[in-house]
Every structure is written in C-alpha cells, then in structure tokens.
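Please walk through the structure shown here, one region at a time. The report takes up strands, then salt bridges, then helices.

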Amino acid sequence: MYVGFVGLGVMGQPMALNLARAGTPLVVHNRTPARCEPLRAAGAEVAASPAELFARAQTVILMLADETATDAVLGRGTPDFAARAAGHTLVHMGTTSPEYSADLGDAVRAAGGRYVEAPVSGSRVPAEQGTLVAMLAGDEDAVAAVRPLLAPMAHATFDCGAVPGALLMKFSVNLFLITLVTGLTEAFHFADRHGLDRHLLRDVLEAGPMASGVSRMKAPKLLARDFAVQAAAADVLKNNRLIAEAARKAGLASPLLDVCHALFDETVAQGHGAEDMVAVLHALETRTATSPTPATPPPADARAPLMDLRG
C-alpha cells in the first residue's frame with residue numbers, strides 16, 4: 001500500500017523526499033503542483049487531488065500549514081471526510097492547537113479511522129538531513145504502526161501518551177527554542193552596538209557550555225545577516241501564539257515567551273515573516289533606533305534587592 005503525504009512546504013518537501021529516497025512507496029499532493037516535481041523525480045507518484053491520494057493510500061501524513069488547510073484536505077464538514085477517515089491512519093505532523101488536534105482525533109476514530117499526532121522538532125536543515133525529533137501521541141497500536149515509517153525523517157521518536165500530549169510536548173520544546181534564539185540574537189545585537197568583534201563572540205560561545213546545535217546553526221546567519229529561511233519568522237509567530245494561548249488556558253505565566261511574542265509580531269509586521277527566525281534582529285534594531293538615548297536606569301528603590309551571599 002502507498003503512503004500518502006500532503007503538504008510539501010519548507011519542512012514537508014524534504015521530509016517527503018527522505019521517505020521517497022528510502023524506498024517508501026509514496027503518493028504526494030500539494031496545493032502548489034510545482035512543489036511535487038522533486039518528489040516525482042525521486043520516484044514518488046503525484047495525486048491530482050486529495051480524493052485521489054486517499055483512494056490510493058491507507059496511511060496519510062499531513063504536514064500542513066494550519067487548521068484551515070488540514071480541514072480542507074480532509075473535507076471536514078462534508079461527506080468526503082468519512083471516506084477519507086474510515087480505514088485510514090492519519091498522521092498529523094503539522095502544528096495546530098491541542099484542542100483542534102484532540103477534536104480531529106475524536107472525529108477520525110468516530111469515522112472508523114486511526115489517528116496519530118506526530119509533530120517534529122527541527123527546521124529545514126534537520127528536515128533535509130533526516131535528523132528531526134518526532135513526538136508521538138495516540139492509541140498504542142496506531143503509534144506502533146507509524147513509528148517505523150518515520151525513521152527516514154526523524155533520528156529519534158518519543159512516545160507522549162494520549163493526544164494532545166505530543167503537541168504540548170512540542171510547545172514545551174519550542175518555548176525553549178524561541179527564547180533561546182531570541183536571546184542569541186539579542187546577544188549579537190548587544191555586542192554589535194558596543195563595537196565588539198561578533199566573530200569573537202561566536203568563538204567564545206562555541207568554546208563554552210552554552211554552545212549547541214542551535215547556536216552553531218544560527219550564529220553564522222547572524223554574522224552574515226543571512227535571513228534565508230530555515231524556520232520562518234511567521235511560523236515562529238504562529239507557534240508563539242499557540243503556546244501563549246495554551247499557557248493562558250492553563251493559567252500559566254510565560255513572561256519570556258510573551259516578550260518574544262511581541263518581538264516576532266513586530267518582525268512580521270515589518271515585512272520579514274518569510275525570512276528566518278533570526279530576522280527578529282530587525283525588531284531589536286528598530287526598538288534600539290527608537291528608544292530614548294541614553295536609557296535612564298530605574299531608581300534604586302525599584303531595583304531588585306541584591307542577594308546576600310555572606311551566609
């Protein structure tokens with residue numbers, strides 16, 4: 001039986017290519033047909049419509065931009081949905097709200113299908129290299145059946161219990177990622193405005209305990225002002241919004257995330273949504289350019305008291 005793959009965007013196309021190159025019998029569909037051509041060249045077959053893809057594939061991977069696109073492909077709210085869910089295993093790899101995913105899973109199971117949440121951690125380069133990290137949630141038998149299928153795309157998979165546990169786990173990971181990259185970008189901006197050698201900053205970071213795969217990928221981009229997309233700022237803003245909503249619904253404080261939310265909102269509003277997430281540098285530079293100079297420190301009595309370490 002063919003495996004179906006719908007959604008060949010920045011992440012989806014290299015993920016599907018890894019499946020095809022691994023010999024997975026693959027049939028693909030994308031709203032923009034030109035995105036299918038590299039898959040055709042890699043041996044995958046191309047379906048002219050979602051209906052054709054679901055007719056040919058029993059397991060269907062959905063790597064779509066949002067809830068609206070997912071509903072459109074599945075035909076939710078129309079008679080097509082029952083036919084596309086019944087007898088199929090749907091693997092939801094995109095990023096949506098946890099509530100949406102839970103509701104979709106219930107609908108798929110009610111129609112006689114199986115449902116697995118399988119969001120991934122990583123950006124375009126790990127997607128190309130097949131080194132994503134996948135988080136899985138759903139019924140044990142469905143998860144067990146899907147896990148081997150993900151091997152060409154993800155070097156590690158983790159069971160996260162029932163839906164929407166995988167999406168909530170991804171939100172936790174992305175909260176760290178968003179604040180990490182924003183902090184790294186602000187550090188380079190700080191060094192730049194103090195006249196420091198930013199290459200030296202990279203070297204110092206690389207030699208110390210804060211070096212990571214993320215810093216090694218993003219620091220060169222900041223040095224070169226290379227905003228070619230690996231993870232688009234608009235997608236980061238969407239993730240940030242979803243995580244913030246989940247935090248509010250749980251009654252959680254998320255002060256670092258909220259600052260990042262504002263910065264990425266400004267980045268996208270300035271026209272940089274299609275650029276890499278390090279384009280948040282534009283928002284920082286704009287704030288610097290429009291802030292009072294010199295900045296006035298807070299009054300002494302408003303500052304946090306110093307910790308007494310004398311014992």
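## A covered strand and its partners

Strand E4, which spans residues 57-62, is mostly covered, since five of its six residues are buried, where buried means under 20% relative accessible area, exposed means over 50% and partly exposed lies in between, with a 1.4 Å probe and protein chains only. Helices (H or I, at least four residues) and strands (E, at least two) are DSSP runs, numbered from the N terminus. This is a predicted model, in which local features need pLDDT of at least 70 and side-chain atom pairs count only at pLDDT 80 or more, while totals for chains, interfaces and linings use all residues. Residues are numbered from 1 along each chain as its sequence is written, and side-chain values use heavy atoms, with hydrogens and water left out.

E4 runs parallel to strand E1 (residues 2-6), to which five bridges join it, and two strands are said to pair if DSSP finds at least two bridges between them. In this pairing valine 6 stands opposite leucine 62 of E4. E4 also pairs in the parallel sense with strand E5 (residues 89-92), over four bridges, and here valine 60 stands opposite leucine 90 of E5.

## Salt bridges

Side chains of opposite charge can pair when their charged atoms come close. A salt bridge is counted here when a side-chain nitrogen of Lys or Arg is within 4 Å of a carboxyl oxygen of Asp or Glu, and by this rule the count comes to 21 salt bridges. One of them joins glutamate 45 to arginine 56, with the closest N and O atoms 2.1 Å apart. Glutamate 45 lies in strand E3 (residues 45-46) and arginine 56 in helix H3 (residues 50-56), so the pair ties together parts that are 11 residues apart in sequence. Glutamate 45 counts as partly exposed at 31% relative accessibility, and arginine 56 likewise counts as partly exposed, at 24%. Glu45, Glu52 and Arg56 are linked in a network of salt bridges.

Another salt bridge is formed by arginine 216 and glutamate 206, whose closest N and O atoms are 2.9 Å apart. This pair links distant parts of the chain, with arginine 216 in helix H11 and glutamate 206 in helix H10 (residues 198-207), 10 residues apart. Within helix H12 (residues 233-249), arginine 241 and glutamate 245 lie four residues apart, about one turn of the helix, and they form a salt bridge whose closest N and O atoms are 3.3 Å apart. Arginine 241 is partly exposed, with a relative accessible area of 36%, and glutamate 245 is partly exposed at 32%.

## How the helices pack

The axes of H12 and H13 come within 9 Å and cross at roughly 150°, where axes are lines fitted to C-alpha atoms, for helices over the stretch in contact, and angles run from 0 to 180 degrees between N-to-C directions. The contact (heavy atoms within 4.5 Å) involves residues including Leu237, Arg241 and Ala244 of H12 and Cys260, Phe264 and Val268 of H13.

In helix H14 (residues 280-290), Val280, Leu281, His282, Ala283, Leu284 and Glu285 are buried. The buried residues of H14 pack against helix H9 (165-193), helix H11 (213-224) and helix H13 (255-272).
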